[in-house]
Amino acid sequence: MTAARKETQAETHFGYEQIPLDEKQGRVDDVFHSVAKRYDLMNDLMSGGLHRAWKDALVTAVNPPKSNKPFTLLDLAGGTGDIAFRTVAAGGQGTRVTVCDINAEMLTVGAERAQAQGLDHAVTFERGNAEELPYADKSFDCVTIAFGIRNVPRIPRALSEIYRVLKFGGRFLCLEFSAVDVPGLDKLYELYSFQVIPNVGRMVTGDREAYQYLVESIRKFPKPKAFAAMIEHAGFRRVSYTQMTGGVVALHSGWKL
Ligand SMILES: C[S@@+](CC[C@H](N)C(=O)[O-])C[C@H]1O[C@@H](n2cnc3c(N)ncnc32)[C@H](O)[C@@H]1O
């Protein structure tokens with residue numbers, strides 16, 4: 001049997017549901033088509049505004065130069081542009097961000113936000129799949145992905161694409177939900193995730209299932225040590241991670257050296 005045929009038959013998870021690997025991207029796209037217009041509001045409601053602090057920690061690690069020095073960031077699965085806008089605000093005149101996302105609706109919301117903030121000269125929105133990036137080798141100084149990697153069906157493919165488009169000396173940073181490991185907080189987090197989030201999702205976006213998928217997909221994502229090993233396997237060096245908010249999220253880092 002050829003490798004391609006084996007992959008067609010492979011299975012994966014869409015939240016807790018086991019589905020053919022080839023079906024996952026379509027299901028994920030439906031989720032973000034459905035929630036795009038209320039996505040930013042939902043982030044604030046679900047995290048009590050905490051996602052802002054987590055994203056700021058990511059941008060601090062990106063550390064764009066404050067000078068006019070050219071600096072190019074690819075924000076993958078960048079959706080409505082949060083990481084891009086924060087990076088441009090933190091960097092100097094030479095900072096340019098490409099937001100790449102597979103979902104046209106998320107990108108449209110992001111492009112409208114960029115225009116409203118007068119940032120369209122510094123931030124570009126482009127449609128693309130993390131598994132097959134439409135960029136030349138060694139194009140970017142840094143690649144980020146925030147709360148995106150767990151939605152990608154073939155994560156190892158995306159990691160090797162990220163490695164390919166990074167320049168040597170460049171850094172990969174990934175912010176993702178992780179595993180809460182503080183006794184007491186874990187029970188509370190579980191209750192909040194499964195009882196509160198899908199219901200708030202239903203009230204705000206009309207789509208309970210989308211948010212049920214989001215909380216289930218967090219539980220199915222590899223533990224931080226296992227994900228760090230995947231990053232290393234893609235070729236990255238000096239791989240590390242930091243957990244925040246009792247393990248609710250983890251910030252992963254790797255260098256192309
Ligand atoms: C939870 S949102 C994160 C958006 C943004 N990074 C943020 O932190 O607000 C996940 C994003 O991943 C995108 N996505 C899912 N699969 C993708 C893929 N294969 N390639 C690129 N983007 C993808 C979705 O369209 C969605 O915009």
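How many salt bridges does the structure hold? I counted 13 salt bridges, taking a salt bridge as a side-chain nitrogen of Lys or Arg within 4 Å of a carboxyl oxygen of Asp or Glu. I note that this is a predicted model, in which local features need pLDDT of at least 70 and side-chain atom pairs count only at pLDDT 80 or more, while totals for chains, interfaces and linings use all residues. Residues are numbered from 1 along each chain as its sequence is written, and side-chain values use heavy atoms, with hydrogens and water left out.

I looked up Arg 113 and Asp 40, whose side chains meet in a salt bridge at 3.5 Å, N to O. Arg 113 belongs to helix H6 and Asp 40 to helix H3, so the pair ties together parts 73 residues apart in sequence; helices here are DSSP runs (H or I, at least four residues), numbered from the N terminus. Salt bridges with shared partners join Asp 40, Lys 55, Asp 82 and Arg 113 into one network.

I then turned to helix H3, residues 39-47, whose buried residues are Tyr 39, Asp 40, Met 42, Asn 43, Met 46 and Ser 47. Seen down the axis of H3, these residues fall within an arc of 160 degrees, so they line one face of the helix; the arc is that of the directions from the helix axis to the C-beta atoms. Buried means under 20% relative accessible area, exposed over 50%, and partly exposed in between (1.4 Å probe, protein chains only). Arg 113, by contrast, is partly exposed at 22%.

Note on methods
Helices (H or I, at least four residues) and strands (E, at least two) are DSSP runs, numbered from the N terminus.
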